[in-house]
Every structure is written in structure tokens, then in C-alpha cells.
Amino acid sequence: MYNLDHIFGDITEQLKSLKADKIYKYKIVASFKGGKFKQIELCKTEEEAIMTIEKNRKKYGQDWVVTYYNIED
């Protein structure tokens, strides 16, 4: 697979991402001052997602919007 990276990108990372999406149910994303949202973490339960958001809101500060959404469906 590595010899095709120049065409398809890093296939190994893409496959890991697909596998992770099956395990994790919630994606934590953050946006700085209204910019584009970027994934910062994945969580297995809603309770874990809420705790992670609270932790990251304190860590990142007021200029950041940190939220989560369900990625199961």
C-alpha cells in the first residue's frame, strides 16, 4: 500500500480512521473565533463526551467553541 501513497494518500491512516469511527460514537470538535471546526477527540459515551468538552473549554479558553456530535449514524 505504501507505494501508492503518492496517489491515494496514507491509506493506513484512513483505514484506522474508519475503524475508530466504528468504536467511537461521539466526535469532539473545536473552532477558534468562528473559524473552521477541527476534530480534537473521539469519545465512546455521551457522558465521556460531555466531560471532555468541559475539560477542553477550560483548556482552550473563551475564544474557542468546543462541542460534540454523534457519529454513529
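This report describes the sheet, the packed helix and the nonpolar core of a predicted model.

The model contains an open sheet of three strands, arranged in the order 2-1-3 with antiparallel pairing. Strand 2 (38-43) and strand 3 (64-70) are the edge strands, and each of them pairs on one side only. On average, neighbouring strands of the sheet are turned by 25° against each other, direction ignored.

Five bridges join strand 1 (residues 26-32) to strand 2 in the antiparallel sense. Within this part of the sheet, Lys 27 stands opposite Leu 42 of strand 2. In general, the strands of a sheet pair through backbone hydrogen bonds, in either a parallel or an antiparallel manner.

## The helix on the sheet

Helix 3, which spans residues 46-60, packs on the sheet and touches strand 1, strand 2 and strand 3. The direction of helix 3 makes about 170° with that of strand 3.

A residue of interest here is Ile 53. When residues up to four places away in sequence are not counted, Ile 53 touches Ile 28, Val 66, Thr 67 and Tyr 68.

## The nonpolar core

The largest nonpolar core has seven residues. Its members are Tyr 26, Ile 28, Ala 30, Cys 43, Ala 49, Ile 53 and Val 66. Strand 1 and helix 3 are the elements that give two or more residues to this core, and strand 1 gives the most, with three residues.

Ile 53 belongs to this core, and its contacts include the core members Ile 28 and Val 66.

Key: Residues numbered from 1 in each chain as written. Predicted model: local features only at pLDDT ≥ 70, side-chain atom pairs only at ≥ 80, totals over all residues. Heavy atoms only, no water. Pairing = 2+ DSSP bridges. Helix = DSSP H or I, 4+ residues; strand = E, 2+ residues; numbered from the N terminus. Axes fitted to C-alpha atoms, helices over the stretch in contact; angles between N-to-C directions. Contact = heavy atoms within 4.5 Å. Core = buried A, V, L, I, M, F, W, Y, C linked by side-chain atoms within 4.5 Å. Buried < 20%, exposed > 50% of the residue type's maximum accessible area, 1.4 Å probe, protein only.
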